[in-house]
Amino acid sequence: LPLSLSVQSRFERGTTEIWTRRALDGFQALITSERRTYPDLSLRWNWRPVRLRKVVSNVSFTGGYLVREQSTEVPNETGGLADRSRTLSRDQPFTSSITWTFLGNLTTNAQYRLEKREDARPGSLTESDTKRMTFDVARNIRLPKKWNTRTGQLRTRLSYQSEESIASVGGASDAVLPPGTTAPSISVLTNNGRQAFNLNADTDLSELLTFSLTGSHILTFDRNYNRRLTNTVVSVVLQLRFFAGELR
């Protein structure tokens, strides 16, 4: 497509039939399950500017929208339904990357993903939302020549990761309730998440010697139980590789 755009679409539909027989009464039932994937769209864009190559050398973007639906029906002895379930999920991933020339080929990457899921069972409906986000910055830093390293560059990467998940359950809108009863209120099953900051830096001092510095700060939380856990780790590693030759 124009502007270096690329669009891809996919459709999928399938049916599964399972025959089952109970050992006590000999009743045979046909369990049917249908699944469908539509729409499944993905958009890609990659741009290498010519006039702005001194500022930006590469820009890319990828986005998508995916819907999956699956339903299952289990009959009973009288010709009715013993169980019926339906699962509907929506997935929206987005990814972008930019390489900045004037900042020494600094590369920035960002990812965002939103997932929604609905599980319908007789009398209940479970809904869950999950959000994931990642952002990282990478750049090679030139080291002084007097350090006499092999590559003369320090590979660095700084990243941030975040994930939150919420799940709740309540009465289904189409549930048949006994007279004089009301649908149950919505209850939160899970409400937790995780945040992390990571720093990595490494360089080759020689053909057999590698230096690396790693630091991370991770926060895990659970809002249902009002709990928070923080973990900070810093490590400095000097790796030496050697070869003993052929064993005899």
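## Accessibility and basis

A residue is called buried under 20% relative accessible area, exposed over 50% and partly exposed in between, with a 1.4 Å probe and protein chains only. By this scale Leu52 is partly exposed, at a relative accessible area of 46%.

The model is predicted: local features need pLDDT of at least 70, side-chain atom pairs count only at pLDDT 80 or more, and totals for chains, interfaces and linings use all residues. Residues are numbered from 1 along each chain as its sequence is written, and side-chain values use heavy atoms, leaving out hydrogens and water.

## Sheet

An open sheet is formed by 10 strands in the order 1-2-3-4-5-6-7-8-9-10, with antiparallel pairing. Strands are DSSP runs (E, at least two residues) numbered from the N terminus, and two of them pair if DSSP finds at least two bridges between them. Strand 1 and strand 10 (227–240) are the edge strands, each pairing on one side only.

Strand 4 (residues 81–100) pairs with strand 5 (residues 106–121) in the antiparallel sense over 15 bridges. Asp91 stands opposite Glu115 in strand 5.

## Aromatic pair

There are five aromatic pairs in the structure (ring centres within 6.5 Å, using the six-membered ring of Trp; planes under 30 degrees apart are stacked, over 60 edge-to-face, the rest tilted). Phe11 and Tyr38 form an edge-to-face pair, 5.5 Å centre to centre with 75 degrees between the planes. Phe11 lies in strand 1 (residues 5–21) and Tyr38 in strand 2 (residues 28–47), so this pair ties together parts 27 residues apart in sequence. Phe11 is exposed, at 52%, while Tyr38 is partly exposed, at 44%.

Conventions: Helices (H or I, at least four residues) and strands (E, at least two) are DSSP runs, numbered from the N terminus.
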